[in-house]
Amino acid sequence: MDSSGVVSVEVYKVFTLDASLPEEQREPKDFGIERSRQIMIQFLYRKKDCISNEKFLLFIHQESISLNQVHLKKNGSCEMELCGCLNTESVVREFSWAQWDPINQSLYYIHYRKTQLSVEGEEPEEGREEELSPTLSCLQFHDDMPHETVLNIPLNLPQLSKTSVPCGGYEDDPIPLRVHDCSLDLQVVCDTKGVVCICHHYLYQPVKPPMTEVRNLEESSTTVHFAYSVTLLHHGCVIHCVVPGILWSQARTMKPTFALYGDQHMAVYAPGLFTHLLDIGLSHEPCCHILMSCTLPGIPFYTSHLVPLLQYGNTVTVDLPSLDLIPLTVTTRHLIETFKNDHSLENQLAILHYFLVHQGDLETISEVIQ
């Protein structure tokens, strides 16, 4: 509420803008849609050139996802001019989280389905409320065929419940495009070869907060557990990690980076906290995951939210607050130093496994074991 007594409410609106026109001729087209909940728009990538119809997805959080067609009028050779919406098809009803995968032209989303409470033939108990369980689904879009459902799996993630109170705040995540509120930090990382990883980051406070090296007891009560899980659908297993005793003031602004690193690994990087190199390939036994120091060579100290850029490969990220391009590289020298300074047998075996099985680098192996 301002000084005049008028209540100001932040809202989302839908606009499109033809970026091919000269700057002085660009005029946003208003679709007349306004919500207090998050709204995003995403055009589908088409393989054909010079087409008259384009499709885009319209996301309205907690409400719907619709597939829209617009007519593009030719202006010259292949230049198009937006001149109206043709039709709209509802593809998803109420959802709590959604992500667009531009490489595979797929839409991942979380919705809630009724839980089967009784076996077939039994009558449900009177007065018993129907339980809703979160489900992750995926729609695959095509140029010349209708979209199809390619994934439907139940989710069992910590602190993910239909009865939980929404936080009410939004952080716009453009890379990859995600629609969700601040109560759920989830990301699907996948490639064209069938690797699908569900990456979930969350914070929680245990019954007895861990004691950390802080100045007074008041600060120690504000520590939380910084946790993440990576569900490997192609392996049917879950990798879970918990880092206890992180100050709330630090943890609430920290977001881990999940990025495919080569064909066999995933890099998980939390600024100032840790670097993990997870083995998600087919050969990942007996010791596969590598734990390293909290800093990687070449990453500036000010970075806080790194996201991988697909068009630049899996080892280049952008720091969203500063928009700086930052390479995410685990060097051979860094792994050698980790091997020599870390006396954990499992971690040393994982590093040897990395160089021997995945890299075939016998020269580095001989240097490491000297």
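These questions and answers go through a predicted model and the reasons behind its labels.

Q: How do you know where confidence is lowest and where it is highest in the protein?
A: The score to read is pLDDT, which runs from 0 to 100. Helix H1 (residues 217-220) has the lowest mean, 47. Strand S7 (residues 97-101) has the highest, 94. For the protein, the mean pLDDT is 79, and 78% of residues reach 70 or more.

Q: What makes residues 76-81 and residues 213-218 stretches to treat with care?
A: Over residues 76-81 the pLDDT is below 50, and the stretch has 12 contacts beyond near neighbours in sequence. Over residues 213-218 the pLDDT is also below 50, with 4 such contacts. Where pLDDT is low, predicted coordinates should not be read in detail.

Q: Why is Cys-190 called buried?
A: Its relative accessible area is 17%. Buried means under 20%. Cys-190 is therefore buried.

Q: How do you know that Cys-190 is in no disulfide?
A: The nearest cysteine sulfur belongs to Cys-138 and is 7.7 Å away. A disulfide needs two cysteine sulfur atoms within 2.5 Å.

Q: Is Cys-199 buried or exposed, and what makes it so?
A: Cys-199 has a relative accessible area of 1%. The limit for buried is under 20%, so Cys-199 is buried.

Q: Why is Gln-62 called partly exposed?
A: Its relative accessible area is 21%. Gln-62 sits in the loop between strand S4 (53-60) and strand S5 (64-74). Its phi is positive, about 65 degrees, although Gln-62 is not a glycine.

Q: Why is Leu-323 called exposed?
A: Leu-323 has a relative accessible area of 62%. Exposed means over 50%, so the label holds. Leu-323 is found in the loop between strand S22 (316-319) and strand S23 (324-327). Leu-323 also has a positive phi, about 60 degrees, without being a glycine.

Q: Which residues of helix H3 are buried, and what do they pack against?
A: In helix H3 (residues 332-341), the buried residues are His-334, Leu-335, Ile-336, Thr-338 and Phe-339. They pack against strand S20 (290-292), helix H4 (345-359) and helix H5 (362-368).

Q: What describes the peptide bond from Ile-175 to Pro-176?
A: The bond is cis, with omega near -15 degrees. Pro-176 lies in the loop between strand S11 (173-174) and strand S12 (177-179).

Q: What lines the largest cavity?
A: The structure holds 2 cavities of 30 Å³ or more. The largest has a volume of about 120 Å³. Its lining counts 17 residues, and Arg-178, Gln-187, Pro-256, His-305 and Val-307 lie nearest the centre. Strand S13 (185-190), strand S17 (257-261) and strand S21 (306-308) each give two or more residues to the lining. By class, the lining has 10 nonpolar, 3 polar and 4 charged residues.

Q: What lines the second largest cavity?
A: The lining residues are Asp-191, Val-195, Leu-260, Gly-262, Asp-263, His-265 and Ile-280. The space is about 30 Å³. The lining divides into 3 nonpolar, 2 polar and 2 charged residues. Gly counts as polar, so Gly-262 belongs to that class.

Note on methods: Residues numbered from 1 in each chain as written. Predicted model: local features only at pLDDT ≥ 70, side-chain atom pairs only at ≥ 80, totals over all residues. Heavy atoms only, no water. pLDDT = per-residue confidence, 0-100. Helix = DSSP H or I, 4+ residues; strand = E, 2+ residues; numbered from the N terminus. Contact = heavy atoms within 4.5 Å. Buried < 20%, exposed > 50% of the residue type's maximum accessible area, 1.4 Å probe, protein only. 1 Å grid on protein atoms, 1.4 Å probe; cavity = no way out; pocket = protein on both sides within 12 Å on 5 of 7 lines; lining within 4 Å. Points joined across faces, edges and corners; volume = space filled by probe spheres on them.
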